[in-house]
Amino acid sequence: MKILIDADACPGVIKEILFRAAERTKRHLVLIANRPVYIPPSQFIRMHQVESGFDEADNEIVKRLVKGDLVITSDIPLAAEVIKKEGFVLSPRGELYTQENIGARLSMRDFMEALRSSGIDTGGLSTLNQNDRKSFANQLDKLLTQ
């Protein structure tokens, strides 16, 4: 299992958790983004920059993904594509997206997007807190040790 990160929107604190996990478990970790992203010196961690453009990073992640890989993203359509290819998907808040819950997440995303496009302010995600970090670290550990 390699780990692919949708790195443009991934919080720094989550990247740090992933850097430590890659070193500890000796797993390959690839950050994919439209702009340069800091990575520590490591034989297990790489950064791949894609062209600027809508879904360029997502398309690269799907292209590189093989069955059983882990993708870190909060992008619901990308998560759905990963699940179709039999990968694992974990959000930076520690939510594991699965075949059983991705349909509901896609429906909610589409509903919220329709509200926003009609001018309704739906607010945004709350700031990543300590519980989110702990949930992410716990779910990551479960996935990497199974």
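Start by selecting Asp 69. Leaving aside residues up to four places away in sequence, Asp 69 touches Met 1, Lys 2, Leu 4, Arg 64, Gly 87 and Phe 88. Keep in mind throughout that this is a predicted model.

Where does Asp 69 sit? Look in the loop between helix 2 (56–64) and strand 4. Is Asp 69 buried or exposed? Its relative accessibility is 4%, so Asp 69 counts as buried, the cut-off being under 20%. Now show the side chains of Asp 69 and Lys 2. They make a polar contact at 2.5 Å.

Six of them form an open sheet, in the order 3-2-1-4-5-6, with mixed pairing. Go to the edges, where strand 3 (45–49) and strand 6 (96–97) stand. Each has a single partner strand, so one side of each is left without a neighbour in the sheet.

Move to strand 1 (residues 3–6) and strand 2 (residues 29–33). These two run parallel, and four bridges join them.

**Helix 3**

Select residues 76–84, which make up helix 3. Helix 3 lies across strand 1, strand 4, strand 5 (88–90) and strand 6. Its direction is at about 155° to strand 5.

Which residues of helix 3 are buried? Highlight Ile 76, Leu 78, Ala 79, Ala 80, Val 82 and Ile 83.

Asp 75 caps the N-terminal end of helix 3, with a side-chain oxygen 2.8 Å from the backbone nitrogen of Leu 78. After the helix comes Glu 86, whose phi is positive, near 65°.

**Asp 132**

For the last stop, select Asp 132 in helix 5 (residues 130–145). Asp 132 has a relative accessible area of 13%, so it is buried. What does its side chain contact? Show Arg 93: the two side chains make a polar contact at 2.9 Å.

Finally, display the surroundings of Asp 132. Not counting residues up to four places away in sequence, Asp 132 touches Pro 92, Arg 93, Gly 94 and Thr 127.

Methods: Residues numbered from 1 in each chain as written. Predicted model: local features only at pLDDT ≥ 70, side-chain atom pairs only at ≥ 80, totals over all residues. Heavy atoms only, no water. Buried < 20%, exposed > 50% of the residue type's maximum accessible area, 1.4 Å probe, protein only. Polar contact = N/O pair within 3.5 Å; in protein donor to acceptor, adjacent residues only side chain to side chain. Pairing = 2+ DSSP bridges. Contact = heavy atoms within 4.5 Å. Axes fitted to C-alpha atoms, helices over the stretch in contact; angles between N-to-C directions.
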